[in-house]
Amino acid sequence: MNKKDIANIRKQFKVDNDHLMNIREIFNVYVRKESGEIYHHISQPFQMLEQEAQELFLANFKKVLTGHLDAKLFELKFQRDVEGSTQMILFEGLQAETTEDWKENMLQIVGKMFANAAYEFDTVVTFIRGEYRKPTRKRDLESGEGGDDAVYSNEFILCSLNKTDQPKKTLVFDYIEREFKSNNLFDPIVNLESPLSGFLFPAFNDNAADVNHILYCAGKVNQPDERFIAEVLNCEDIITAAEDKDSFEQVLKNVIGDEVDSRVISNVYEEIDKMVQENKESEPPTLDYRDIERILEVSGVENVDTAKVEHAFKAVVDDEKHEFKASSLLPKSIKINTKVADVSVSPKDLKNIKYIMYQGKRCLLVEIDEDVIVEGFRLESETF
């Protein structure tokens, strides 16, 4: 799945949108902390919920589908030949004709979630199943054709795992008794703002369902739950965007050394960004050692040869066939931290910063094209 596919699905989670996002059933399972015991579960038609409850859940489902790919969201591939595989359980859940069969499938997944995991708080696992529709083309304003007349249609299951919080004691004013008193509430609050994890099955590519992949949501950025991925979802290992970026930087260090001109770094990121921009409408570009060699050469690195780059690549990456995702390698900004000041610049502007020695002192020289204003005052310029 690409970010456009995910965004298209996410924006359909809204009230009274059955023609594009028909959520038929919602199944909530309340699980006790530490023991992993199922205390209660209930399945009901989603439309039977009060509108306020629908809105809370829909916002939660959007959270499950929010985040950058390979950082918060990960498209995972199912392992082959796994006994009692989650892939088969989910597929059977999609095909289930009765609510009881659907519940039984989902309870199997809940069992896998808590088989080897204990939380310090009660949790709620929420499943929905429904149909996602997407028009094959936009409606033509003149002819009126298109829009909902012809749609891609796919069944799906979405899961959200959420913690519960204990309510805080508060001081309230009783209007009837006209007195102040403490408000002692004992019902736990289901935290729908920050899902612990979740997933969407199947994945969608080119408007078609891909039952061999699943979209997984991690609770925190660049911190996927490896146990959840392997034991609950039965999926293959993944590499986060942060890990990819760290490995790429290490390959560069192995080739060009620890010291480098700022223009070289800036040129490297410009070349990668160019690849990303040129492939916006197609598959996200990737880099192997040959691509890295080309980028370093055009970026101004001297004495670059294939053998050197290949050796550096193999020294860092275990899989010789691994390819870095270009989009994972681009920092939003580059931070230069010193005791005197912290400077943050975009990768393309790094070439305007020089590290120099002036009168025996280390200095950062920043090339700018406008006056500098400090606390409302224009700084005087000096010529060295």
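Predicted model: local features only at pLDDT ≥ 70, side-chain atom pairs only at ≥ 80, totals over all residues.
How do the axes of helix 6 and helix 7 cross, and within what distance do they come? Helix 6 covers residues 241-256 and helix 7 covers residues 262-278. Their axes come within 13 Å and cross at roughly 130 degrees. The crossing of helix 6 past helix 7 is right-handed.

Now look at the side of helix 6 that touches its partner. From helix 6 come Lys245, Phe248, Glu249 and Leu252, and they meet Val268, Tyr269 and Ile272 of helix 7. Sorted by class, the residues of this contact are five nonpolar and two charged, with no polar ones.

Helix 6 has another neighbour to show you. Helix 9, which runs over residues 306-316, has an axis that comes within 9 Å of the axis of helix 6, and the two cross at roughly 140 degrees. That makes helix 6 oblique to helix 9. Here, too, the crossing is right-handed. On the helix 6 side you can find Ser247, Gln250, Val251, Asn254 and Val255, while helix 9 brings Lys308, Val309, Ala312, Phe313, Ala315 and Val316. This contact has seven nonpolar residues, three polar ones and one charged one.

Let's move on to the aromatic rings. The structure holds 17 aromatic pairs. One of them joins Phe57 and Phe61, whose ring centres are 6.1 Å apart, with 25 degrees between the planes, so the pair counts as stacked because planes under 30 degrees apart are given that name. Where do Phe57 and Phe61 lie? Both belong to helix 2, residues 51-64, and they are four residues apart, about one turn of the helix. Phe57 and Phe61 are both buried. They also belong to one aromatic cluster together with Phe13, Phe46 and Phe156.

Next, find Arg227, a residue of helix 5, which spans residues 226-232. Is Arg227 buried or exposed? Its relative accessible area is 18%, and buried means under 20%, so Arg227 is buried. If you set aside the neighbours within four places in sequence, Arg227 is in contact with Lys112, Met113, Asn116, Ala117 and Val232.

The loops are worth a visit as well. Between strand 9 (197-201) and strand 10 (203-205) lies the loop that holds Pro202. A cis peptide bond links Phe201 to Pro202, with omega at about -5 degrees.

Finish with two asparagines in loops. Asn222 sits in the loop between strand 12 (213-217) and helix 5. Its phi is near 60 degrees, a positive value in a residue other than glycine. With a relative accessible area of 29%, Asn222 is partly exposed. Asn303 belongs to the loop between helix 8 (289-298) and helix 9. Phi of Asn303 is near 55 degrees, again a positive value in a residue other than glycine. How accessible is Asn303? The relative accessibility of Asn303 is 66%, and exposed means over 50%, so Asn303 counts as exposed.

Conventions:
Residues numbered from 1 in each chain as written. Heavy atoms only, no water. Axes fitted to C-alpha atoms, helices over the stretch in contact; angles between N-to-C directions. Left-handed = near helix turned anticlockwise from the far one by under 90°. Contact = heavy atoms within 4.5 Å. Nonpolar A, V, L, I, M, F, W, Y, C, P; charged D, E, K, R; others polar. Phe/Tyr/Trp six-rings, centres within 6.5 Å; stacked < 30°, edge-to-face > 60°. Buried < 20%, exposed > 50% of the residue type's maximum accessible area, 1.4 Å probe, protein only. Parallel < 35°, antiparallel > 145°, perpendicular 65-115°, else oblique.
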